[in-house]
Amino acid sequence: MTGSPDEDNWLEPDPAQRPGQITAAAVLLVVSAFIGTTIAVNDPELTQFVYLLLFVTIGAAIRIRRGGRTACITASVTAVLFFLYLGPHAIRGLSDPGGVYQPEYAVRAIIAIVASGTGVGLLYSAPSRAYVRARRHQTVR
């Protein structure tokens, strides 16, 4: 050892290093939004709303990777809105096949809900919160 650990600051991670949870959360949220839009193609009443949610989710995912706290909140809100949109597709598609809600929509909706929930969970994991907090303090200085 050529120096003391205090000089090198070797115990605290570099705040510029992005944890894998942030990247995985951003990817899962965007994938979930894309799957949701594949269902919305056949739903003319809400197609524009779901496309808007897709673009907001993509923008939030880009900002999440930069450590934006507001982007984390935005992504969480869009995930909840996607859940509210996809929930009926999942429930009615499995319980009433052959109607407006098809079983293949139900499977896609369940995959999108699980991906979205996992993405939000990773977004609020301890390493992700520490990264967002460090980035926030870095921009304040």
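1. Helix 2 and helix 5 are roughly antiparallel to each other, since an angle over 145 degrees counts as such, and in this predicted model the axes of the two helices cross at roughly 155° and come within 8 Å. Helix 5 covers residues 103-123, and helix 2 passes helix 5 in a left-handed crossing.

2. On the side of helix 2, the contact with helix 5 is made by Gln21, Ala24, Ala25, Leu28, Leu29, Ser32, Ile35, Thr38 and Ile39, while the residues that helix 5 brings to this contact include Tyr105, Arg108, Ala112, Ser116, Gly119 and Leu123. Sorted by class, the contact of helix 2 with helix 5 holds 14 nonpolar, 6 polar and 1 charged residues.

3. Helix 2 also packs against helix 3, which runs over residues 47-65, at an angle of about 170° and with the axes 9 Å apart. That angle makes helix 2 roughly antiparallel to helix 3. Among the residues of helix 2 that make the contact are Ile22, Ala26, Leu29, Val30, Ala33 and Phe34, and from helix 3 come, among others, Val50, Tyr51, Leu54, Thr57, Ile58 and Arg65. The residues of the contact of helix 2 with helix 3 divide into 13 nonpolar, 5 polar and 1 charged.

4. With helix 4, helix 2 packs at an angle of about 35°, the axes being 11 Å apart, and helix 2 passes helix 4 in a left-handed crossing. Leu29, Ala33, Gly36, Ile39 and Ala40 of helix 2 meet Ala75, Ala79, Phe82, Tyr85, Leu86 and His89 of helix 4 in this contact, which by class has 9 nonpolar, 2 polar and no charged residues.

5. A search of the whole structure finds 1 cavity of 30 Å³ or more, and the volume of the largest cavity is about 40 Å³. Its lining is formed by Leu29, Ser32, Ala33, Thr57, Ala75, Thr78, Ala79, Phe82 and Ser116. Helix 2 (20-40) and helix 4 (69-95) are the elements that give two or more residues to this lining, and the largest share, 4 residues, comes from helix 4.

6. Which classes of residue make up the lining of the largest cavity? The lining residues divide into 5 nonpolar, 4 polar and no charged.

Technical notes. Residues numbered from 1 in each chain as written. Predicted model: local features only at pLDDT ≥ 70, side-chain atom pairs only at ≥ 80, totals over all residues. Heavy atoms only, no water. 1 Å grid on protein atoms, 1.4 Å probe; cavity = no way out; pocket = protein on both sides within 12 Å on 5 of 7 lines; lining within 4 Å. Points joined across faces, edges and corners; volume = space filled by probe spheres on them. Nonpolar A, V, L, I, M, F, W, Y, C, P; charged D, E, K, R; others polar. Axes fitted to C-alpha atoms, helices over the stretch in contact; angles between N-to-C directions. Parallel < 35°, antiparallel > 145°, perpendicular 65-115°, else oblique. Contact = heavy atoms within 4.5 Å. Left-handed = near helix turned anticlockwise from the far one by under 90°.
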